Amino acid sequence: MAHSPNFYVALALIFLLIGTSSAQLSENFYSKKCPKVFNTVKSVVSSAVAKERRIGASLLRLFFHDCFVDGCDGSILLDDTSSFKGEKTAAPNNNSVRGYEVIDAIKSKVEAICPGVVSCADIVAITARDSVVILGGPFWNVKVGRRDSRTANFTAANTGVIPPPTSNLTNLISTFQAQGLSTKDMVALSGAHTIGKSRCTSFRNHIYNDSNIDSTFAKIRQKKCPKTSGSGDNNLANLDFRTPTHFDNNYYKNLIIKRGLLHSDQVLFNGGSTDSLVKTYSQNDKAFDSDFVTAMIKMGNNKPLTGKQGEIRKNCRRLN
């Protein structure tokens, strides 16, 4: 059967598209090259979370802040040098993102068993999953095979690709859409705020100036977060006041009674298009778990470097 030249062009295009998508990420990428990688990561995450429950939330957030800036490529881990500007000092990350030392500890253990094989980007992805599971959330198989970036993007990280806690619903929908994530993905991923803490500077405006907040809740939060900017900025509050170190659907139950800590939390249940999803998740933890997992996998497939792109860093903080 003879094919027209166009057929071959189409075929070449298909292979080209496959080559640039997440097709090269797979659950068994390391099964021959580094079979112990998952157990190694898990043991370090387990002991880190046993020491400090909050670090699980921090590691989950680290993955989110990595993926939203030019894909899940480990770029957030790169330290600034005299000739290189990383993403660590960008507004959403500076004095805010935590857990870099845990990634370092995992990397050195993994390098000891499989030198030069496992990327920092993959370690961040696996760590996020382990953190969720250890804190009582759902398990999923992490697709791996990402490579590490040789660049960082301070400008993107600093100019709103990561939605700030002041975001309204339109902004949340559009910033997630820019990453190929749907409104449903966004509402499910926001449920990551079932764990972790936030700084007073991130919720001050919501507890003093917003009307869509339970007044008793606002007053309690105001006790440890003074109205004056610059005073108590780093004082912490739990994002989920019911079960702050357990991954569950209480975050959504809190929104229904107007006890979301951040402005960007409460806008999800504020008479808008996402109210019904919040209701569903508040009543059905299985639906939340399932949509959260789908969205995490989707986010993890975001523009990965694969094949010969990037590199496998020996030290996650600097280029080889």
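**Cross-links, domains and charged pairs**

Modeller: Let's start with one cross-link: the link of Cys200 and Cys225 is right-handed, with 70° about the S-S bond. Cys200 sits in helix 9 (residues 200–209) and Cys225 in the loop between helix 10 (215–223) and strand 2 (236–238), so this pair, 25 residues apart, links distant parts of the chain. Keep in mind that this is a predicted model.

Colleague: How do you know that Cys200 and Cys225 form a disulfide?

Modeller: Their sulfur atoms are 2.0 Å apart, and the cut-off is within 2.5 Å. So the pair of Cys200 and Cys225 counts as a disulfide.

Colleague: And what makes Cys200 buried or exposed?

Modeller: Its relative accessibility. Buried means under 20%, and Cys200 comes out at 0%, so Cys200 counts as buried. Cys225 also has a relative accessible area of 0%, so Cys225 is buried.

Colleague: How many disulfides does the structure hold?

Modeller: Four. Counting bonded cysteines along the chain, the pattern is 1-4, 2-3, 5-8, 6-7.

Colleague: Which hand does the link of Cys120 and Cys316 have?

Modeller: That link is left-handed, with -95° about the S-S bond. Cys120 is in helix 5 and Cys316 in the segment after helix 14 (285–300), so the pair ties together parts 196 residues apart in sequence. The sulfur atoms of Cys120 and Cys316 are 2.1 Å apart, which means the pair meets the 2.5 Å cut-off. Cys120 and Cys316 are both buried.

Colleague: On to the domains. Where do domain 1 and domain 2 run?

Modeller: The domain assignment gives domain 1 as 36–162 and domain 2 as 169–299. Their C-alpha centres lie 22 Å apart, and the contact takes 25 residues from domain 1 and 19 residues from domain 2.

Colleague: What makes up the area buried between domain 1 and domain 2?

Modeller: That area is about 1800 Å², and carbon and sulfur atoms give 74% of it. On the domain 1 side, Arg54, Phe68 and Trp140 lose the most area to domain 2, together 31% of what that side buries.

Colleague: How many salt bridges cross the interface of domain 1 and domain 2?

Modeller: Zero by the rule. The rule does find three residue pairs in polar contact across that interface. Helix 3 (54–67) and helix 5 are the elements that give two or more residues to the side of domain 1 that touches domain 2, and helix 3 gives the largest share, seven residues.

Colleague: How many salt bridges turn up in the whole structure?

Modeller: A search of the whole structure finds 12. Side chains of opposite charge can pair when their charged atoms come close.

Colleague: Why is the pair of Lys184 and Asp291 called a salt bridge?

Modeller: The closest N and O atoms of Lys184 and Asp291 are 3.9 Å apart. The cut-off is within 4 Å, so the pair counts.

Colleague: What makes Lys184 buried or partly exposed, and what about Asp291?

Modeller: Lys184 has a relative accessible area of 43%, so Lys184 is partly exposed. Asp291 has 17%, so Asp291 is buried, since the cut-off for buried is under 20%.

Colleague: How do you know that Asp233 and Arg204 form a salt bridge?

Modeller: Their closest N and O atoms are 2.8 Å apart, and within 4 Å is what the rule asks for. Asp233 is partly exposed at 23%, whereas Arg204 is buried at 9%.

Colleague: Which residues are linked in a network of salt bridges?

Modeller: Asp79, Lys88, Asp104 and Arg317.

Technical notes
Residues numbered from 1 in each chain as written. Predicted model: local features only at pLDDT ≥ 70, side-chain atom pairs only at ≥ 80, totals over all residues. Heavy atoms only, no water. Helix = DSSP H or I, 4+ residues; strand = E, 2+ residues; numbered from the N terminus. Buried < 20%, exposed > 50% of the residue type's maximum accessible area, 1.4 Å probe, protein only. Domains from an automatic or database assignment. Contact = heavy atoms within 4.5 Å. Buried area = accessible area lost by both parts, 1.4 Å probe. Salt bridge = Lys/Arg side-chain N within 4 Å of Asp/Glu carboxyl O. Polar contact = N/O pair within 3.5 Å; in protein donor to acceptor, adjacent residues only side chain to side chain.
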